[in-house]
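Hi,

Here is the structure I promised to pass on. Have a look at it first, and my notes on what turned up follow below.

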Amino acid sequence: MKICIFGASSAKIDGAYISAVEDLGEKMAKRGHSLVYGAGATGVMGASARGVIRGGGEVHGVIPVFFREESVEKIFEHCTQLTYTDTMAQRKTKMEDEAEAFIIAPGGIGTLEEFYEVLTLKQLGRHSKPIAMFNICGYYDGLESFMREMSDKKFMAASCHGMYKYFTDADALLDYLESYSPDPTPWHKLKDGE
């Protein structure tokens with residue numbers, strides 16, 4: 001299975017996030033999975049790629065040309081395949097199209113934007129792929145509280161919570177992705193607040 005991991009590129013984050021995602025990447029590869037991701041060499045992004053390589057897997061990095069030209073982000077040198085895009089939107093589309101599953105690791109505004117995009121696309125019936133939140137050290141507790149508030153106040157259908165799942169354990173997360181079968185609920189027919 002080709003799994004997309006979204007996560008932070010920051011090199012300043014706590015090492016607990018880095019080591020947990022590197023371990024996840026290694027376990028992914030040892031279970032026969034490959035990675036498609038944003039091609040970064042640092043932070044959670046770099047950790048996922050290092051882990052997959054260490055586990056003997058393949059890594060497909062996807063990054064806009066201007067990241068290289070403007071030195072926006074250090075690119076992971078050991079990608080099995082590296083694809084350059086013209087825009088950020090093309091980068092996301094390429095990763096979304098190739099992925100068979102999504103893992104949302106701890107990250108910042110870019111990661112949240114990616115999470116909400118794949119979640120929205122799932123709600124609209126554009127894909128039926130699993131979405132797993134890797135909630136390391138309680139990082140996404142506040143986000144889940146906000147998501148619950150959205151549904152409690154009818155800004156989001158409560159049943160949308162079933163489109164993603166939280167995990168604190170890498171093996172349990174991978175078990176979920178491997179055994180996932182799409183819910184027959186017609187997500188794209190749900191209206192906000194229902």
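Strand S2 (residues 34-37) and S3 run parallel, joined by three bridges; helices (H or I, at least four residues) and strands (E, at least two) are DSSP runs here, numbered from the N terminus. One place to look is Val36, which stands opposite His60 in S3. Before you go further: this is a predicted model, where local features need pLDDT of at least 70 and side-chain atom pairs count only at pLDDT 80 or more, while totals for chains, interfaces and linings use all residues. Residues are numbered from 1 along each chain as its sequence is written, and side-chain values use heavy atoms, with hydrogens and water left out.

Back to S3 (residues 59-64): six of its six residues are buried, where buried means under 20% relative accessible area, exposed over 50% and partly exposed in between (1.4 Å probe, protein chains only). Both faces of S3 are covered, with Val59, Gly61 and Ile63 on one side and His60, Val62 and Pro64 on the other.

Now the whole sheet. It is an open one of seven strands with parallel pairing, in the order S4-S3-S2-S1-S5-S6-S7; two strands pair if DSSP finds at least two bridges between them. Strand S4 (81-85) and strand S7 (165-167) are the edge strands, each pairing on one side only. On average, neighbouring strands of this sheet are turned by 25° against each other, direction ignored.

S5 is worth a click too. Four bridges join S1 to S5, and the two run parallel. Ile3 stands opposite Ala101 in S5, and Ile5 has Ile103 as its bridge partner there. Towards S6, three bridges join S5 to that strand, again running parallel, with Ile104 of S5 partnered by Met133 in S6. As for cover, Ala101 and Ile103 on one side of S5 and Phe102 and Ile104 on the other are all buried.

What lies across S1, S5 and S6? Helix H5 does, running at about 155° to S6. (Axes are lines fitted to C-alpha atoms, for helices over the stretch in contact, and angles run from 0 to 180 degrees between N-to-C directions.) H5 (residues 109-123) has 15 residues and reaches 21 Å from its first C-alpha to its last, close to the 21 Å expected at 1.5 Å a residue; the expected span is 1.5 Å times one less than the number of residues. Its buried residues are Thr111, Glu114, Phe115, Val118, Leu119, Lys122 and Gln123. An α-helix has 3.6 residues a turn, so residues three or four places apart point the same way. What covers the buried residues of H5 includes strand S1 (2-6), helix H4 (88-98), strand S5 (101-104), strand S6 (131-134) and helix H6 (141-152); contact means heavy atoms within 4.5 Å. After H5 comes Gly125, with a positive phi near 80°.

Next, a helix pair. The axes of helix H1 (residues 15-30) and helix H2 (residues 43-54) come within 6 Å and cross at roughly 35°. The crossing is right-handed, a term used if the near helix is turned clockwise from the far one by less than a right angle, left-handed being anticlockwise. On the H1 side the contact includes Tyr17, Ile18 and Val21, and on the H2 side Val44, Ala47 and Arg50 are among the residues met. The residues of this contact divide into eight nonpolar, four polar and five charged. In that count Ala, Val, Leu, Ile, Met, Phe, Trp, Tyr, Cys and Pro are nonpolar, Asp, Glu, Lys and Arg are charged, and the others, Gly among them, are polar.

Most residues other than glycine have a negative phi. Cys137, though, has a positive phi near 55°; Cys137 sits in the loop between S6 and H6 and is exposed, with a relative accessible area of 59%. Lys154 also has a positive phi, about 70°, without being a glycine. You will find Lys154 in the loop between H6 and S7, exposed at 54% relative accessibility.

Last, one from helix H7 (residues 170-179), which contains Asp171. Asp171 touches Lys27 and Arg31, not counting residues up to four places away in sequence. The C-alpha atoms of Asp171 and Lys27 are 7.6 Å apart, although 144 residues separate the two along the chain.

Cheers
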